[in-house]
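Here is a short report on one protein model.

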Amino acid sequence: MTNEAPSFETQLAETLRRVARWEAPPGTGILSVYLDWRPQATGERPGVRSGEIHLKDRLREIEASLGVRGPALESFRADADRVHAALAEVDPAAEGVAIFACSAAGLFERIAAPAAFENQVVYDRYPRLYQLARFLDEYETAVVAVADTNTLRLFVVRGERIREVPGKDEDPYNYQMRSTSGMNEHRFRRHVEQHRREFAEEAAKLIEQLCDREGATRLVIAGDETALHLLQQALPHQLTARVAEGRFHIDIRAGAEHVRRVVEEFLLQTEDDQSQETADILVGEIEEGDLGVGGLERTRAALEAGAADVVVIDDAFEPAEARDELTQLAARTGARVEVVREHAGLRAHGGVGAILRYRFTG
């Protein structure tokens, strides 16, 4: 039995929990770095990353604010050197980079992400974790299966990236009626139907293995109607819950970029729908006075008591420091963070709240 490597989402969640436990020693700070690591395609300096420019400017500003000597300056300079060294080794395919560093405390974590972060560099007593939690909330790995009755193509979609992996091709010989075979038309139809069922069963096994290996939370199947009917019947019960609802029209010969665009649009809409639904549930619990609290102070109190199960934050909620504080408390107490956009009900309750594990009156 082989041990599968943890998925990117699992590693990200573990990093979030680890970093949330850190606090800078008195007189020092933690450097939280989020960068858009995509090379510019146009402009006066094509190929230059906006994240590099932002980082250089912010490190200069932070250093100037720390005076001419002292433990904070010493720790910060060590952190800045290590950040530069780490960026030199980042996978060129990465589109976003997050780094958390505090030399005085022995903290250093680096994340190379398949999608960009918003450029942000902060030096503070606590790590800034909201962007990481939002990325984890919105990021999803999907397996896409495009099938007809004798061909299966498989893709893995992560953010804006897609890769095709080996699928399955059935020899069309099995679907051709041959005059020398001795088959009548009825027997031939049964022969073809049997091959199609067998192909669907083998395809379902490949899909299940790929979903498990990649840690996919969503399965999109598209293609020939007959093939999809057989494939859905063959999928194991534990996988059907991940199947995306909706009809997807993807030709068996479609290019990977076309597949990515179709699936990306669906995943973005699905994530938005789920966030809105979670916010609806929270507002209902608040208004019924049962398992929900709203507003910054009550949400903070619920987190500190360990009563919060899901923290729901409007992406426009201010101040930003409060978003980071709530995110850190959530990570420390095992609460999930759900980011929602433009939900009128949540904004009416202060733009932030928590669905509770149990009734909380604090």
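By about how many helical turns are Asp-57 and Arg-60 separated in helix α2? About one: the two residues are 3 apart in α2, which spans residues 50–65. Keep in mind that this is a predicted model.

The side chains of Asp-57 and Arg-60 form a salt bridge. The N to O distance is 3.4 Å. Side chains of opposite charge can pair when their charged atoms come close. Across the whole structure, the search finds 27 salt bridges.

**Helix packing**

Helix α2 also packs against helix α3, residues 71–87. Their axes lie 11 Å apart, at an angle of about 170°. Angles over 145 degrees count as roughly antiparallel, so α2 is roughly antiparallel to α3. From α2, the contact uses Leu-55, Leu-59, Ile-62 and Glu-63. From α3 come Leu-73, Phe-76, Arg-77, Ala-80, Val-83, His-84 and Leu-87. By class, this contact of α2 with α3 has 8 nonpolar, 1 polar and 2 charged residues.

A second pair is set at another angle. Helix α1 (residues 8–20) and helix α10 (residues 320–333) have axes that come within 8 Å. These axes cross at roughly 105°. The range 65 to 115 degrees counts as roughly perpendicular, so α1 is roughly perpendicular to α10. On the α1 side, Leu-16, Arg-17 and Ala-20 make the contact. On the α10 side, the residues are Gln-328, Ala-331 and Arg-332. The contact of α1 with α10 divides into 3 nonpolar, 1 polar and 2 charged residues.

**Pockets and a cavity**

Where is empty space left in the model? Rolling a probe the size of a water molecule over the atoms shows where empty space is left. The table lists the volumes.

| Space | Volume |
|---|---|
| Largest pocket | about 630 Å³ |
| Second largest pocket | about 530 Å³ |
| Largest cavity | about 60 Å³ |

Take the largest pocket. Its lining holds 23 residues. Nearest its centre lie Ala-115, Phe-135, Glu-138, Tyr-139 and Leu-268. Helices α4 (130–138) and α8 (256–288) and strand β11 (336–340) are the elements that give two or more residues to this lining. Helix α8 gives the most, with 6 residues. By class, the lining of the largest pocket has 9 nonpolar, 3 polar and 11 charged residues.

Next comes the second largest pocket. Here 24 residues form the lining. Ala-133, Leu-136, Asp-137, Arg-336 and Val-337 are the closest to its centre. Each of α1, α4, α8, α10 and β11 supplies at least two residues of the lining. The lining of the second largest pocket divides into 9 nonpolar, 6 polar and 9 charged residues.

The count of cavities of 30 Å³ or more comes to 1. Which residues line the largest cavity? They are Ala-147, Asp-148, Thr-149, Arg-196, Phe-199, Ala-200, Ala-203, Ala-227, Leu-230 and Leu-231. Helices α5 (185–214) and α6 (225–234) each supply at least two residues of this lining. Helix α5 gives the most, with 4 residues. By class, the cavity lining has 7 nonpolar, 1 polar and 2 charged residues.

**Backbone details**

Two loop sites remain. Where is Pro-319 placed? Pro-319 sits in the loop between β10 (308–314) and α10. The peptide bond that joins Glu-318 and Pro-319 is cis, with omega about 5°.

The other site is Glu-342, in the loop between β11 and α11 (344–348). Phi of Glu-342 is near 55°. That is a positive value in a residue other than glycine.

Note on methods. Residues numbered from 1 in each chain as written. Predicted model: local features only at pLDDT ≥ 70, side-chain atom pairs only at ≥ 80, totals over all residues. Heavy atoms only, no water. Axes fitted to C-alpha atoms, helices over the stretch in contact; angles between N-to-C directions. Parallel < 35°, antiparallel > 145°, perpendicular 65-115°, else oblique. Contact = heavy atoms within 4.5 Å. Nonpolar A, V, L, I, M, F, W, Y, C, P; charged D, E, K, R; others polar. 1 Å grid on protein atoms, 1.4 Å probe; cavity = no way out; pocket = protein on both sides within 12 Å on 5 of 7 lines; lining within 4 Å. Points joined across faces, edges and corners; volume = space filled by probe spheres on them. Salt bridge = Lys/Arg side-chain N within 4 Å of Asp/Glu carboxyl O.
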